[in-house]
Amino acid sequence: MPDKLSLNVTIEGIRLPLQVSSPDEEKIYRDAASAIQRRIQRLRDMYPQMPNEKYYYAMAMLNTAVEAVKATDRLDTQPYVEMMHDLEQELDTLGIK
């Protein structure tokens, strides 16, 4: 098993120790931490009246989860798999392979 790389990312002053499997994965985690920090700051700027910091964190998590769900929906290949299956059946019916 390959060695894990240790790294720390900081979000909102909270240091998060992590282990990743590659420099590419390290970059992804660092970029993600930066994106979360920017998102929280944007939310603070847009909604300065929130009663406490937890609201910004919850809003940032919700926004991130919504983006993830949308991305998953865009990557749904099931309709294409079904279409290919239908086309294969039609080709079989016509004796074409």
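Me: Which helix holds Y80?

Reply: Y80 sits in helix α3, residues 78-94. Helices (H or I, at least four residues) and strands (E, at least two) are DSSP runs, numbered from the N terminus. A caution: this is a predicted model, where local features need pLDDT of at least 70, side-chain atom pairs count only at pLDDT 80 or more, and totals for chains, interfaces and linings use all residues. Residues are numbered from 1 along each chain as its sequence is written, and side-chain values use heavy atoms, with hydrogens and water left out.

Me: Is Y80 buried or exposed?

Reply: Buried means under 20% relative accessible area, exposed over 50%, and partly exposed in between (1.4 Å probe, protein chains only). Y80 counts as exposed because its relative accessibility is 54%. V66, in helix α2, is partly exposed at 37%.

Me: Which residues make up the largest nonpolar core?

Reply: In soluble globular proteins, nonpolar side chains tend to be buried together. A nonpolar core is a set of buried Ala, Val, Leu, Ile, Met, Phe, Trp, Tyr and Cys residues joined through side-chain atoms within 4.5 Å. Here it has 9 residues: L7, V9, I11, V20, A33, I40, L43, Y56 and A60. β1 (5-11), α1 (23-46) and α2 (53-74) each give two or more of them.

Me: What is Y56 in contact with, beyond its neighbours within four places in sequence?

Reply: Contact means heavy atoms within 4.5 Å. Y56 touches I40, L43, R44, Y47, P48, Q49 and M50. Of these, I40, L43 and R44 are among the buried residues of α1.
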